[in-house]
Amino acid sequence: MSVTYNFTGKTAFVTGGDSGIGAAASRAFAESGAKVAVVGLHEEQATQFAEQLNDEGHRALGIGCDVTDETQVAAAVARTVEVFGSLDMAFNNAGIMLPPVDSADETVEAFDQIVAVNLKGVWASMKHELEQMRAQGSGSIVNCSSLGGLVGGDGRTTYHATKHGVIGATKSVALQYGPRGVRVNAVCPGTIATPMVDRMTAGGELDPEGAVAAIPMGRLGRPEEIAAAVLWLCSDAASYVTGVALPVDGAYTAQ
């Protein structure tokens with residue numbers, strides 16, 4: 001069964017939007033008729049992906065942005081509104097994971113780096129998205145947490161702490177902005193076949209066979225499956241859904 005949405009006339013803003021889950025979401029929004037701001041750390045890569053979408057007949061804008069820098073985030077949101085006229089949907093997807101480490105040995109530099117991207121980056125993105133959506137009186141935000149926002153993880157204390165924090169922020173903003181016409185939710189992806197997972201496998205951080213064995217559905221997820229959940233949460237089909245942290249993990253966290 002194929003589910004389609006009509007986002008014609010609406011604008012989507014996707015951080016980490018040029019690779020992996022973010023690229024799948026950018027494409028899905030575009031194919032559903034939305035104008036899409038593809039926001040990525042490297043401007044050239046974001047612009048190239050946006051141009052690819054444009055060549056396919058969609059409307060996309062590539063923007064370079066380091067989400068750890070609030071000034072850059074504010075500029076990216078402002079640029080999106082300047083070009084497309086509104087900000088109706090946002091997927092705050094940018095995030096990082098560093099190699100596992102004994103919690104007693106983790107450096108403050110590693111802690112600061114993970115928190116800056118995974119938590120501060122979501123905070124800054126929501127702050128400036130909400131400013132525009134508050135003025136409009138409408139909008140939908142989806143934050144990317146993780147199965148790591150629902151469970152602990154051996155050797156990844158700070159990563160899991162930030163992903164738990166994303167869920168807390170999501171719930172709090174959903175309570176505050178529900179009366180203002182803005183819905184805020186989170187998705188919690190399981191292990192997804194992305195370039196990040198490929199790098200973890202190549203570096204010996206992840207045993208793919210063991211990862212699959214731990215998933216009741218018996219396979220890794222696909223980026224398009226996370227994108228599908230994001231689009232549903234942004235659509236009118238989810239008009240009464242807000243403050244939710246939705247696992248998309250093949251039942252990993254149901255065990």
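User: Which residues does Val230 touch, not counting residues up to four places away in sequence?
Analyst: This is a predicted model, in which local features need pLDDT of at least 70 and side-chain atom pairs count only at pLDDT 80 or more, while totals for chains, interfaces and linings use all residues. Residues are numbered from 1 along each chain as its sequence is written, and side-chain values use heavy atoms, with hydrogens and water left out. With contact taken as heavy atoms within 4.5 Å, and residues up to four places away in sequence not counted, Val230 touches Phe29, Phe91, Val142 and Val187.

User: Which residues touch the most other members of the largest nonpolar core?
Analyst: A nonpolar core is a set of buried Ala, Val, Leu, Ile, Met, Phe, Trp, Tyr and Cys residues joined through side-chain atoms within 4.5 Å, where buried means under 20% relative accessible area and exposed over 50%, with partly exposed in between (1.4 Å probe, protein chains only). Among the 33 residues of the largest such core, those that touch the most other members are Phe29, Phe91, Val187 and Val230.

User: Why do the buried residues of H2 line one face of the helix?
Analyst: Helices (H or I, at least four residues) and strands (E, at least two) are DSSP runs, numbered from the N terminus. The buried residues of H2 are Ala46, Phe49, Ala50 and Leu53. They line one face because, seen down the axis of H2, and judged by the directions from that axis to the C-beta atoms, they fall within an arc of 100 degrees.

User: Which elements do the buried residues of H2 pack against?
Analyst: The face of H2 turned away from its buried side carries the exposed residues Glu44 and Asp55. On the buried side, the residues of H2 pack against helix H1 (20-31), strand S2 (35-40) and strand S3 (59-64).

User: At what angle do the planes of Phe7 and Phe29 lie?
Analyst: Rings of Phe, Tyr and Trp (its six-membered ring) pair if their centres lie within 6.5 Å, and planes under 30 degrees apart count as stacked, over 60 as edge-to-face and the rest as tilted. Phe7 also takes part in a stacked pair with Tyr5, at 5.8 Å centre to centre and 10 degrees between the planes. The rings of Phe7 and Phe29 have their centres 5.9 Å apart, and this pair is tilted because the planes lie at 45 degrees.

User: How many residues apart are Phe7 and Phe29?
Analyst: Their pair links distant parts of the chain, with Phe7 in the segment before S1 and Phe29 in helix H1. The separation between them is 22 residues.
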